[in-house]
Amino acid sequence: MSWLTIGLLLACPLMMFFCMRGMSGGHKNAKPHSEHDGVSQKELQELQISMADLMEQNHRLTKEVQSLKGNASNVIELEEEKNKRVIS
(Lines give C-alpha, C1' and ligand atoms only; values in the text may rest on other atoms or scores of the structure.)
Protein backbone atom coordinates (compact mmCIF):
# COMPACT_ATOMS: atom_id res chain seq x y z
CA MET A 1 0.00 0.00 0.00
CA SER A 2 1.19 3.45 -0.78
CA TRP A 3 1.19 6.35 1.66
CA LEU A 4 -1.52 8.02 -0.35
CA THR A 5 -3.84 5.04 0.02
CA ILE A 6 -3.20 4.83 3.78
CA GLY A 7 -3.76 8.58 4.10
CA LEU A 8 -7.08 8.37 2.29
CA LEU A 9 -8.21 5.43 4.44
CA LEU A 10 -7.38 7.32 7.63
CA ALA A 11 -8.82 10.65 6.45
CA CYS A 12 -12.45 9.60 6.72
CA PRO A 13 -12.39 8.28 10.32
CA LEU A 14 -10.19 11.17 11.46
CA MET A 15 -12.49 13.76 9.91
CA MET A 16 -15.50 12.05 11.48
CA PHE A 17 -13.77 12.06 14.88
CA PHE A 18 -12.98 15.78 14.72
CA CYS A 19 -16.41 16.73 13.40
CA MET A 20 -18.22 14.78 16.11
CA ARG A 21 -15.95 16.19 18.79
CA GLY A 22 -16.58 19.71 17.52
CA MET A 23 -20.34 19.18 17.49
CA SER A 24 -20.48 17.83 21.05
CA GLY A 25 -18.11 20.49 22.34
CA GLY A 26 -20.51 23.29 21.41
CA HIS A 27 -23.15 22.08 23.86
CA LYS A 28 -20.98 22.18 26.96
CA ASN A 29 -21.31 25.93 27.45
CA ALA A 30 -25.00 26.19 26.64
CA LYS A 31 -27.15 27.17 29.61
CA PRO A 32 -29.95 24.76 30.48
CA HIS A 33 -33.45 25.85 29.55
CA SER A 34 -35.97 26.33 32.30
CA GLU A 35 -39.51 25.06 31.83
CA HIS A 36 -41.02 28.47 31.08
CA ASP A 37 -38.25 30.54 29.44
CA GLY A 38 -39.55 33.84 28.13
CA VAL A 39 -43.11 33.45 29.49
CA SER A 40 -44.21 35.53 32.45
CA GLN A 41 -46.52 34.19 35.15
CA LYS A 42 -49.33 36.45 33.92
CA GLU A 43 -48.99 35.21 30.34
CA LEU A 44 -48.99 31.62 31.57
CA GLN A 45 -52.21 32.19 33.52
CA GLU A 46 -53.83 33.86 30.51
CA LEU A 47 -52.87 30.89 28.34
CA GLN A 48 -54.27 28.45 30.89
CA ILE A 49 -57.58 30.37 31.06
CA SER A 50 -57.76 30.48 27.28
CA MET A 51 -57.07 26.75 27.11
CA ALA A 52 -59.83 26.04 29.66
CA ASP A 53 -62.28 28.15 27.62
CA LEU A 54 -61.37 26.27 24.44
CA MET A 55 -61.78 22.92 26.17
CA GLU A 56 -65.24 23.94 27.41
CA GLN A 57 -66.21 25.14 23.92
CA ASN A 58 -64.94 21.86 22.45
CA HIS A 59 -67.07 19.91 24.93
CA ARG A 60 -70.21 21.93 24.05
CA LEU A 61 -69.61 21.50 20.33
CA THR A 62 -69.05 17.77 20.73
CA LYS A 63 -72.40 17.47 22.55
CA GLU A 64 -74.09 19.53 19.82
CA VAL A 65 -72.65 17.32 17.07
CA GLN A 66 -73.80 14.20 18.89
CA SER A 67 -77.30 15.61 19.30
CA LEU A 68 -77.40 16.57 15.61
CA LYS A 69 -76.32 13.06 14.65
CA GLY A 70 -79.14 11.69 16.81
CA ASN A 71 -81.66 14.05 15.15
CA ALA A 72 -80.42 13.09 11.70
CA SER A 73 -81.03 9.41 12.37
CA ASN A 74 -84.54 10.24 13.63
CA VAL A 75 -85.24 12.20 10.43
CA ILE A 76 -84.05 9.29 8.31
CA GLU A 77 -86.26 6.90 10.26
CA LEU A 78 -89.28 9.19 9.82
CA GLU A 79 -88.60 9.50 6.08
CA GLU A 80 -88.38 5.71 5.79
CA GLU A 81 -91.69 5.32 7.65
CA LYS A 82 -93.33 7.87 5.30
CA ASN A 83 -92.04 5.99 2.28
CA LYS A 84 -93.39 2.71 3.64
CA ARG A 85 -96.83 4.25 4.19
CA VAL A 86 -96.91 5.70 0.69
CA ILE A 87 -95.86 2.37 -0.85
CA SER A 88 -98.42 0.37 1.19
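1. Glu56 counts as partly exposed, at 46% relative accessibility; buried means under 20% relative accessible area, exposed over 50%, and partly exposed in between, with a 1.4 Å probe and protein chains only. Arg60 is likewise partly exposed, with a relative accessible area of 47%.

2. This is a predicted model, in which local features need pLDDT of at least 70 and side-chain atom pairs count only at pLDDT 80 or more, whereas totals for chains, interfaces and linings use all residues. Residues are numbered from 1 along each chain as its sequence is written, and side-chain values use heavy atoms, with hydrogens and water left out.

3. Glu56 and Arg60 form a salt bridge, their closest N and O atoms being 3.2 Å apart. The term denotes a side-chain nitrogen of Lys or Arg within 4 Å of a carboxyl oxygen of Asp or Glu. The two residues are four apart in helix α2 (residues 41–87), and therefore about one helical turn separates them. The structure holds one salt bridge.

4. The protein chain has two helices and zero strands. Both terms refer to DSSP runs numbered from the N terminus: helices are H or I of at least four residues, strands E of at least two. Buried residues make up 1% of the 88 residues in the chain.

5. The accessible surface of the protein chain comes to about 8700 Å², and carbon and sulfur atoms account for 64% of this. Areas come from the Shrake-Rupley method with a 1.4 Å probe; for residues, only the protein chains shown count as cover.

6. A nonpolar surface patch is formed by Trp3, Ile6, Leu10, Leu14, Phe17 and Phe18, which together have about 700 Å² of accessible area. Patches are made of residues with over 30% relative accessible area and no salt bridge; nonpolar side chains (Val, Leu, Ile, Met, Phe, Trp, Tyr) are joined within 5 Å, like charges within 9 Å. Ile6 is found in helix α1 (residues 3–25).

7. The count of aromatic pairs comes to one. The rings of Phe17 and Phe18 have centres 5.3 Å apart and planes at 70°, so the pair is edge-to-face. Rings of Phe, Tyr and Trp (its six-membered ring) pair if their centres lie within 6.5 Å; planes under 30 degrees apart count as stacked, over 60 as edge-to-face and the rest as tilted. Phe17 is partly exposed at 48% relative accessibility, and Phe18 is exposed at 51%.
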